[in-house]
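Dear colleague,

Please find the structure handed over below, followed by an account of what was found in it.

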Amino acid sequence: METKGGAVVTGAGRGLGLEIARVLTRRGFTVHVTDVDGDAAARAAEELGYGAISSVLDVRDETACRSVAKDTVQQLGSLAAWVNNAGVLVTGPAWEQDEGTRRLMIEVNAIGTINGTLAALEQMRAAGRGHVVNVVSLAGLVAAPGEAIYGASKHAAIAFSIGTLTDLRLAGVKGIDISCVCPDGIWTPMLQDKLEDRSAAASFSGVLLLPEQVARRVGQLVEHPRPVVVVPRWRGPLIRMFDHYPRLAIAGVRPVLAYGRVQQRLYRRRVRKGRWPPRTS
């Protein structure tokens with residue numbers, strides 16, 4: 001299979017990151033699987049095949065991100081795509097979270113996205129082409145109760161992404177794109193342990209997506225860039241309305257969270273009965 005170039009995916013040892021790596025492999029990219037868990041990354045790369053490689057990567061480490069970008073070019077011949085997927089979600093009111101927890105979310109979700117993007121751009125600008133895809137969240141478009149620090153980190157990630165894309169265009173760079181994908185809640189380890197967490201209700205108040213659904217959209221986005229994509233698409237206008245009218249969002253939050261908690265109970269029952277997630281053939 002002819003390769004479209006090297007692609008780095010962060011947090012790709014499991015969950016959404018691994019699904020993204022699978023989609024990119026099927027689309028002809030040779031994937032550099034990275035994860036803070038080196039063993040998980042190695043297993044994922046072995047599963048992917050087609051020349052996939054793996055590395056331990058803590059996205060909070062700028063130097064490590066730059067090394068991964070350089071190693072990708074050296075080992076895979078190019079860096080055509082970089083997907084910043086690694087993320088951390090801890091729920092609850094901000095005043096109940098300790099400084100270490102708050103810092104972890106800001107450093108992984110925001111600074112990690114910045115580190116990965118800049119590491120990729122260092123190689124892509126030299127080559128004159130490439131695409132960075134940042135996995136954000138609907139929480140990057142509207143404040144989510146129970147997820148204030150997480151939402152703040154995701155707002156920072158999307159602002160950085162769009163601002164940096166604009167700076168590239170102002171500098172005359174046309175061959176490099178930066179895209180943000182903003183999915184609703186995803187059935188990954190990030191949410192699978194939060195079915196009884198009342199503070200996570202906002203993440204269950206919309207459409208609970210499967211990792212392969214979001215990964216498929218990321219694969220399309222890599223080849224057909226757009227600055228911001230919401231998954232599912234219809235959620236975008238609704239979320240932006242709440243963002244535009246914050247008093248309306250605050251006034252209406254109780255029924256939204258009540259519905260989210262109903263959904264949590266529903267999925268909890270489905271999981272216990274083996275009806276979720278749906279089996280794929």
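Asn-115 is buried, because its relative accessible area is 8%, which falls under the 20% limit. The residue belongs to helix H4. Please note that this is a predicted model. Leaving aside residues up to four places away in sequence, Asn-115 touches Val-59, Arg-60, Asp-61, Glu-62 and Cys-65. For Asp-61, the separation along the chain is 54 residues, while the C-alpha atoms of Asn-115 and Asp-61 are 7.4 Å apart.

Helix H4 also takes part in a helix pair. The axes of H4 (residues 99-127) and H5 (residues 148-170) come within 8 Å and cross at roughly 20°. The two helices are therefore roughly parallel to each other, since angles under 35 degrees are counted that way. The crossing of H4 past H5 is right-handed. On the H4 side, the contact is made by Arg-102, Met-105, Ile-106, Asn-109, Ala-110, Thr-113, Ile-114, Thr-117, Leu-118, Leu-121 and Arg-125. On the H5 side, the residues are Ile-149, Tyr-150, Ser-153, Lys-154, Ala-156, Ala-157, Phe-160, Thr-164 and Leu-168. By class, the residues of this contact comprise twelve nonpolar, five polar and three charged.

H1 passes H2 in a right-handed crossing. From H1, the contact draws on Leu-18, Ala-21, Arg-22 and Thr-25, and from H2 on Ala-44, Glu-47 and Leu-48. Sorted by class, the contact of H1 with H2 contains four nonpolar, one polar and two charged residues.

Gly-38 is located in H2. With a relative accessibility of 22%, Gly-38 counts as partly exposed. Gly-38 and Ile-20 are 18 residues apart in sequence, and their C-alpha atoms are 18 Å apart in space.

Two further residues belong to this part of the chain. Tyr-50 lies in the loop between H2 and strand E3 (53-56). Although Tyr-50 is not a glycine, its phi is positive, at about 50°. Tyr-50 is exposed, with a relative accessible area of 59%. Thr-30, in strand E2 (residues 29-35), is buried, with a relative accessible area of 13%. Apart from residues up to four places away in sequence, Thr-30 touches Thr-3, Gly-5, Gly-6, Ala-7, Tyr-50, Gly-51, Ala-52 and Leu-76.

I turn now to the aromatic residues. A search of the whole structure finds two aromatic pairs. Trp-187 and Trp-276 form an edge-to-face pair, with 6.2 Å from centre to centre and 80° between the planes. Trp-187 lies in the loop between strand E6 (176-183) and helix H6 (189-192), and Trp-276 in the segment after helix H10 (253-272), so the pair ties together parts that are 89 residues apart in sequence. Tyr-267 and Trp-276 form an aromatic pair that is likewise edge-to-face, at 4.9 Å centre to centre and 65° between the planes. Trp-187 and Trp-276 are both buried, and Tyr-267 is buried as well. Trp-187, Tyr-267 and Trp-276 form one aromatic cluster.

Trp-276 also features in the backbone geometry. A cis peptide bond joins Trp-276 and Pro-277, with omega at about 0°. Pro-277 is found in the segment after H10. Another cis peptide bond joins Val-231 and Pro-232, with omega at about -5°. Pro-232 is placed in the loop between strand E7 (228-231) and H8.

Helix H8 (residues 235-244) contains Asp-243. At 43% relative accessibility, Asp-243 counts as partly exposed. Beyond residues up to four places away in sequence, Asp-243 touches Leu-141 and Val-142. Asp-243 and Leu-141 are 102 residues apart along the chain, and their C-alpha atoms are separated by 7.0 Å.

Yours sincerely,

A colleague

Definitions and conventions. Residues are numbered from 1 along each chain as its sequence is written. This is a predicted model: local features need pLDDT of at least 70, side-chain atom pairs count only at pLDDT 80 or more; totals for chains, interfaces and linings use all residues. Side-chain values use heavy atoms; hydrogens and water are left out. A crossing is left-handed if the near helix is turned anticlockwise from the far one by less than a right angle, and right-handed if clockwise. Helices (H or I, at least four residues) and strands (E, at least two) are DSSP runs, numbered from the N terminus. Contact means heavy atoms within 4.5 Å. Ala, Val, Leu, Ile, Met, Phe, Trp, Tyr, Cys and Pro count as nonpolar, Asp, Glu, Lys and Arg as charged, and the others, Gly among them, as polar. Rings of Phe, Tyr and Trp (its six-membered ring) pair if their centres lie within 6.5 Å; planes under 30 degrees apart count as stacked, over 60 as edge-to-face and the rest as tilted. Buried means under 20% relative accessible area, exposed over 50%, partly exposed in between (1.4 Å probe, protein chains only). Axes are lines fitted to C-alpha atoms, for helices over the stretch in contact, and angles run from 0 to 180 degrees between N-to-C directions. Angles under 35 degrees count as roughly parallel, over 145 as roughly antiparallel, 65 to 115 as roughly perpendicular and the rest as oblique.
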